[in-house]
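Here are my notes on the model you sent.

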Amino acid sequence: MSAKKETGEEQKQIEEIEKMPLLPLRGVVVFPNMVIPLMVGRPKSMAALEKAMVENRLIMLAAQKNEEIDEPEPEDIYNLGTISEIKQLIKLPDGSIKIIIEGLSRAEIDSIQDNEEFFEVEVSQIEEVEEKEDDMEALIRLVTDYFEDIVKSSKRIPSEVMMTISNIEDGGRLADILVTHLNLKVREQQSVLEKISPRERLEKLFNYLEREREIMTAERRIESRIKQQVEKTQKEYYLREQLKAIKEELDSEEEDDEELFEYRERIEQAMLPEEVREKVEKELDRLSNMPQMSAEAVVVRNYLDCILELPWQKEGKDRLDIGVAEKILDEDHYGLEDIKDRILEYLAVRQLSPDLKSPIICLVGAPGVGKTSLARSVARALEKKFLRISLGGVRDEAEIRGHRRTYVGSRPGRIINAMRNAGVKNPLFLLDEVDKMSTDFRGDPSSALLEVLDPEQNHEFSDHYLEMPFDLSKVMFITTANVEHTIPPALLDRMEVIHLPGYTMEEKVEIARRHLLPRQIKEHALSEERFSITDQALRTLIREHTREAGVRTLERKLATLMRKVARSIVEKKVKKAKIDAKDLTDYLGPPLYRREEERGKSRVGVATGMAYTETGGDLLDIEVAVVPGSGKLILTGKLGEVMKESAQAAMSYARSRQKQLSLPDDFHEKRDVHIHVPQGAVPKDGPSAGITIALALISALSENPVPGDVALSGELTLRGRILGVGGIKNKVLAAHRTGIKKIFLPKETEPQLEDIPDDIRKDLEITLVEHMDQVLQLLEKRD
């Protein structure tokens with residue numbers, strides 16, 4: 001084996017070697033005179049390093065033809081490589097090895113022997129060919145100049161490299177150094193390594209340098225053009241323009257924008273009305289001429305997405321089978337016959353007239369009576385898509401009509417957004433808490449709802465964001481409210497109001513059996529074998545632990561029972577629980593409400609009135625105290641204007657009937673009358689307490705007691721006439737819950753008594769009166 005090296009000692013050392021270990025390299029080519037760190041992790045490679053370190057630190061380095069092969073065979077390794085010396089070897093904690101090696105000379109592999117632990121090779125060192133110096137100096141200078149141009153233009157190559165190569169006169173060594181600084185593939189570096197002649201090596205390198213310089217010149221030209229076009233705009237826009245310039249540089253044909261093509265496909269599939277299609281195509285043309293990342297382009301995209309997602313023509317198929325609908329409504333809710341009849345009537349007419357406009361229904365009732373769940377049940381019965389919008393606290397008109405597109409962050413209103421989610425133009429819309437909208441400087445949302453809920457207008461509902469009419473005439477609207485008087489009259493006039501009164505005791509027991517208990521048993525992972533409750537316990541629970549028109553608190557109390565039973569079962573205190581009335585105190589604590597014992601006692605200056613609130617019916621004690629004074633009328637208890645006027649009317653009635661009622665002659669001059677309604681933090685208003693205030697006032701002045709088991713409701717005139725009031729069913733149910741036995745109601749309310757269940761009417765003595773004298777005479781008979 002022959003060799004040529006810088007010093008005689010090193011040359012002699014390499015010549016004496018017959019065999020040496022081989023280290024296959026992945027993704028790198030090592031050249032002579034090159035010092036480079038390498039990470040070694042393959043077992044065979046680490047074994048080859050250990051063999052070299054034990055002997056003379058010399059090792060043969062050759063690149064793999066395919067760097068993805070983890071266990072290369074001899075045919076996977078290039079035949080020409082570099083004999084190198086290991087300068088430093090460090091074993092790392094993860095088991096791999098880091099080495100620093102220096103390339104010594106080119107060598108060709110004569111034979112490879114796989115001894116299982118590592119590859120061992122016989123090599124022939126390659127001597128460099130001596131070149132004539134007549135044109136080598138010109139070639140070296142040309143290569144150096146080209147490389148210097150690349151260094152100046154590239155940020156990847158450090159400028160210090162020029163100082164290193166400026167003193168190199170050997171052309172072969174110069175080529176070996178420069179090739180390592182170019183961004184060449186392994187096969188291209190290998191082709192330079194295999195050139196034995198320095199001239200051929202420099203010529204090969206010159207070709208690569210020329211190609212690199214042309215690429216960098218094109219990059220500079222593209223970059224200059226882009227900077228002039230976009231003036232250093234945002235990064236993503238810059239990259240897109242750079243891509244566009246590159247395509248132009250390569251003379252590639254422009255293709256239609258994928259996004260615009262997708263929009264055109266969606267327009268064809270959307271079945272848009274003609275005027276809508278024209279508007280959309282106009283917006284699409286605008287989008288095609290905009291920079292893709294501009295703010296205006298984002299607005300147009302959002303607008304197009306909104307338009308194309310709306311169900312302009314798509315309708316769902318309603319189920320019009322009355323029998324199935326009635327069965328579903330009865331399954332989901334007990335009672336509530338009025339609304340069930342209204343839905344079945346609608347289905348019957350729909351079968352006769354398919355083009356019938358959907359009804360707009362307003363369900364008015366106390367919390368917990370099932371308004372929202374009833375709307376869901378109607379949607380299930382009709383197989384309509386169900387959508388719910390809560391209007392409680394809404395005070396901005398834009399929530400309904402949307403924002404105009406001129407505003408930043410503009411968007412459609414809740415109605416249009418919900419239609420996008422529905423996917424069909426005939427869903428069931430639940431507008432919840434329609435009585436709790438408010439008004440401020442941003443507009444009146446209830447006025448915006450007028451167009452939505454008017455069958456004569458909603459076929460062309462105008463949303464500010466859409467800027468074109470949308471048909472809502474196929475939508476079935478159901479609204480809910482706790483009270484009717486807070487709904488604006490114009491809005492109320494557009495809806496069909498159905499009142500949902502509170503439930504009776506028997507209705508609550510039935511609802512608990514059919515719906516509440518099965519649901520809570522399932523949610524608490526119990527079973528009917530592990531948990532049961534008697535009817536008497538349910539009645540006691542309803543009477544003593546809840547006081548509500550609906551069943552929401554009842555369900556919470558049942559959930560509390562379930563949790564305590566579940567804990568007892570887990571702690572293995574019981575295997576199953578049967579709840580009786582006497583067990584309720586152990587599980588729920590002492591009763592929260594008892595039938596007031598004082599209800600049966602007669603009291604002077606105290607009368608019980610019946611009120612209708614957002615939570616259903618309720619009873620109010622009205623107290624009157626007569627004290628020495630100057631004839632003042634004092635009113636307390638957070639009373640509204642109407643209720644204050646009722647008290648003044650009662651006072652005037654008492655004065656006008658002074659002699660007939662045997663009242664003191666000077667009570668209006670020497671005595672102050674104080675009228676108070678307890679629960680002073682709760683606002684109270686309305687005319688229905690008129691006869692109650694008058695009765696308590698006359699009782700206090702005459703010192704004639706009022707029976708405690710009597711409740712009254714009715715508006716009083718100055719002449720003593722008693723006028724009709726509303727909410728009779730809720731008031732009567734509240735009186736029955738609290739142990740009242742006798743009720744006085746205006747004669748005008750007689751038709752409303754038909755809504756009261758027969759079993760409750762049998763429990764109560766209901767007297768219909770037309771004049772206050774009748775009330776006073778009846779009470780005198782009781783005394």
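1. Confidence first. This is a predicted model, and its mean pLDDT is 81. Of its residues, 91% reach 70 or more. Two stretches deserve a flag. Over residues 1–8 the pLDDT is below 50. That stretch still has 19 contacts in the model beyond near neighbours in sequence. Residues 251–256 also have pLDDT below 50. Here the model shows 2 contacts beyond near neighbours in sequence. Please keep both ranges in mind when reading contacts off the coordinates.

2. Secondary structure and contacts. The protein holds 28 helices and 24 strands. Take the contacts between residues at least 6 apart in sequence: 73% of them join residues at least 24 apart.

3. Burial and surface. Of the 783 residues, 48% count as buried. The cut-off behind that word is a relative accessible area under 20%. The accessible surface comes to about 40400 Å². Carbon and sulfur atoms account for 46% of that surface.

4. Charges. The protein carries 117 positive and 148 negative charges.

5. Backbone at Asn 33. Check the phi angle here. Asn 33 is not a glycine, yet its phi is positive, near 70°. Where does Asn 33 sit? Its place is the loop between strand E1 (20–25) and strand E2 (35–40). Is Asn 33 buried, exposed or partly exposed? Its relative accessible area is 33%, so Asn 33 is partly exposed. The reasoning needs both limits: buried is under 20%, exposed is over 50%, and partly exposed lies in between.

6. Backbone at Lys 638. A positive phi turns up here as well. For Lys 638 the angle is about 55°, again in a residue that is not a glycine. Lys 638 lies in the loop between strand E18 (633–636) and helix H23 (641–656). Its relative accessibility is 49%.

How values were computed:
Residues are numbered from 1 along each chain as its sequence is written. This is a predicted model: local features need pLDDT of at least 70, side-chain atom pairs count only at pLDDT 80 or more; totals for chains, interfaces and linings use all residues. Side-chain values use heavy atoms; hydrogens and water are left out. Helices (H or I, at least four residues) and strands (E, at least two) are DSSP runs, numbered from the N terminus. Buried means under 20% relative accessible area, exposed over 50%, partly exposed in between (1.4 Å probe, protein chains only). Contact means heavy atoms within 4.5 Å. Accessible areas come from the Shrake-Rupley method with a 1.4 Å probe; for residues, only the protein chains shown count as cover. Lys and Arg count as positive and Asp and Glu as negative; His and the chain ends are not counted. The place of a charge is taken as NZ of Lys, CZ of Arg, CG of Asp or CD of Glu. pLDDT is the predictor's confidence in each residue, from 0 to 100.
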